[in-house]
Amino acid sequence: MCQGCVPEYFEFKQSPAPLPQNWLNSRFLTQATDEKDKDTGTDSFEYRVAHDAPCPIIDAHVHVFPQKLMDAVWTFFDNFYWSVRYKKNYLATRADFLLDQGVRHVVLLVYAHKNGIARDLNKFLAHTVNSMNERYASLPQPSGQPKRGVRVASGLATVMPGEPDARAILAEAFTTLGLSGIKMHSHVQCVAANHPSMDEVYETCIEFDKPVLIHAGKEPNSKAYKVDAGKICDFSIVEDVLRRYPRLRICIPHLGMNQYEEFFDLLDKYPNLYLDTTMTLGAFFQSLNSPSLSTSSSSCSSSTCDHTTHTTNNKNNNTSTTPTLKPMAEMLRTMLLRHSDRILYGTDWPNIPYDWCRELANLVSLVDGDGEATAMGERVRKEEQRTKETDEALENILWRNACRFYRISEHDLGLAPLSPNL
């Protein structure tokens, strides 16, 4: 099991150290330096997508909620996880911030935590999506900017597993409200992905040809949840769903944290499985150069651990083992290139503690092979291995796969027609 140095329960309360100025600049990004361009929400020089970036970018994992619920989410993060960097920006413009930074399209998410609220959440989300699309379609195109598409946002509905009228709630979301899929969250909803109450969700998604984004990986877990997510989440549980519903399109966020290798292996077996990168490449939970463990959870809880060996305590028999180690960065780069046709880029904005594009910059650097930023704000340099293959892999991860998975067309993005196989 690829456990890295991620602790069983995250205890992070502090934001990571900022990266050196201009570190994130790349062929994809540029940073403002004029004082008048400093962002009022974060009081910093924010990065934006460069006008001549090699390809458009779709952020396939962005959270929006009615403000009362978002305040509750932020209270949870403040108490148990980390300080949310983009509260002020969200309060001012919701996901417009990402579009203003040059992201071409955002996939917006909500999730229900109890019965009886899904319908209102879905209506809120549909209104948010429609208003964003209408607003940006009417804005004049800035000189020199890439052509803006017809749609800048898509939305994923939600439902509480087992609640009355779950099928009707989803049918309304997919038809009347025009939402593009569904977001489920095993940790928050306290339901395993293969629980019988999920069957009607999957069957309805298949009926309407809509995908499922479900947080069904073990991490990040928290003592604040009503259930131990480690007990109801596992790659084998997701595989059971994939085996029973071969026509269902499923995406697992966070690359299946904390079972990266196991979820990557499932990609070889199930063509309708996708993963998204959200918060796994931001060098926050651990440096990509931290070792990854092939057995049980590491006793090391440091997010910056760079040990080459570990002693792991087995909770069942209290014996110690020395696991086989290999660099996480090496493993992730290999798997990202191998499965670049089924990995989506996402940020978890606004509920992140670092620059919105930190993961984007690390993804580009990792795939290009020229290093990555550590959690200490240092850069680990390697000989660049950029090739035509790596360029194509980045295009897949940054936008093409999201188009395929969420049925976002080239017309939506303002692009020339894509090849039929996309």
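This is a predicted model: local features need pLDDT of at least 70, side-chain atom pairs count only at pLDDT 80 or more; totals for chains, interfaces and linings use all residues.
**Overall make-up**

- The chain has 14 helices and 16 strands, taken as DSSP runs numbered from the N terminus (helices H or I, at least four residues; strands E, at least two).
- Of the 422 residues of the chain, 58% count as buried, where buried means under 20% relative accessible area, exposed over 50% and partly exposed in between (1.4 Å probe, protein chains only).
- Among contacts (heavy atoms within 4.5 Å) between residues at least 6 apart in sequence, 75% join residues at least 24 apart.

**Helix packing around helix 10**

- Helix 9 (residues 235-244) packs with helix 10 (residues 260-269) at an angle of about 20°, the axes being 10 Å apart; axes are lines fitted to C-alpha atoms, for helices over the stretch in contact, and angles run from 0 to 180 degrees between N-to-C directions.
- Helix 9 and helix 10 are therefore roughly parallel to each other, a class for angles under 35 degrees, with over 145 counting as roughly antiparallel, 65 to 115 as roughly perpendicular and the rest as oblique.
- Phe-235, Val-238, Glu-239 and Leu-242 of helix 9 meet Glu-262, Phe-263, Leu-266 and Lys-269 of helix 10, and by class this contact has 5 nonpolar, no polar and 3 charged residues (nonpolar: Ala, Val, Leu, Ile, Met, Phe, Trp, Tyr, Cys and Pro; charged: Asp, Glu, Lys and Arg; polar: the others, Gly among them).
- The axes of helix 10 and helix 11 (residues 328-338) come within 11 Å and cross at roughly 15°, and helix 10 and helix 11 are therefore roughly parallel to each other.
- On the helix 10 side the contact is made by Tyr-260, Glu-261, Phe-264 and Asp-268, and on the helix 11 side by Met-328, Met-331, Leu-332, Met-335 and Arg-338; these residues divide into 6 nonpolar, no polar and 3 charged.

**Aromatic pairs**

- The structure holds 16 aromatic pairs, a pair being rings of Phe, Tyr and Trp (its six-membered ring) with centres within 6.5 Å, counted as stacked with planes under 30 degrees apart, edge-to-face over 60 and tilted for the rest.
- Phe-76 and Phe-77 form an edge-to-face pair, 6.2 Å centre to centre and with 80° between the planes.
- Phe-97 and Trp-349 form a stacked pair, 5.6 Å centre to centre and with 5° between the planes, which links distant parts of the chain, since Phe-97 in helix 3 (residues 96-100) and Trp-349 in the loop between strand 14 (343-344) and helix 12 (358-368) are 252 residues apart.
- Phe-97 counts as buried at 4% relative accessibility, and Trp-349 is buried with a relative accessible area of 0%.
- Trp-74, Tyr-86, Tyr-90, Phe-97 and Trp-349 form one aromatic cluster.

**Backbone details in loops**

- A cis peptide bond, with omega about 20°, joins Met-257 and Asn-258, and Asn-258 lies in the loop between strand 8 (250-252) and helix 10.
- His-254 is found in the loop between strand 8 and helix 10, and has a positive phi near 65° in a residue other than glycine.

Note on methods: Residues are numbered from 1 along each chain as its sequence is written. Side-chain values use heavy atoms; hydrogens and water are left out.
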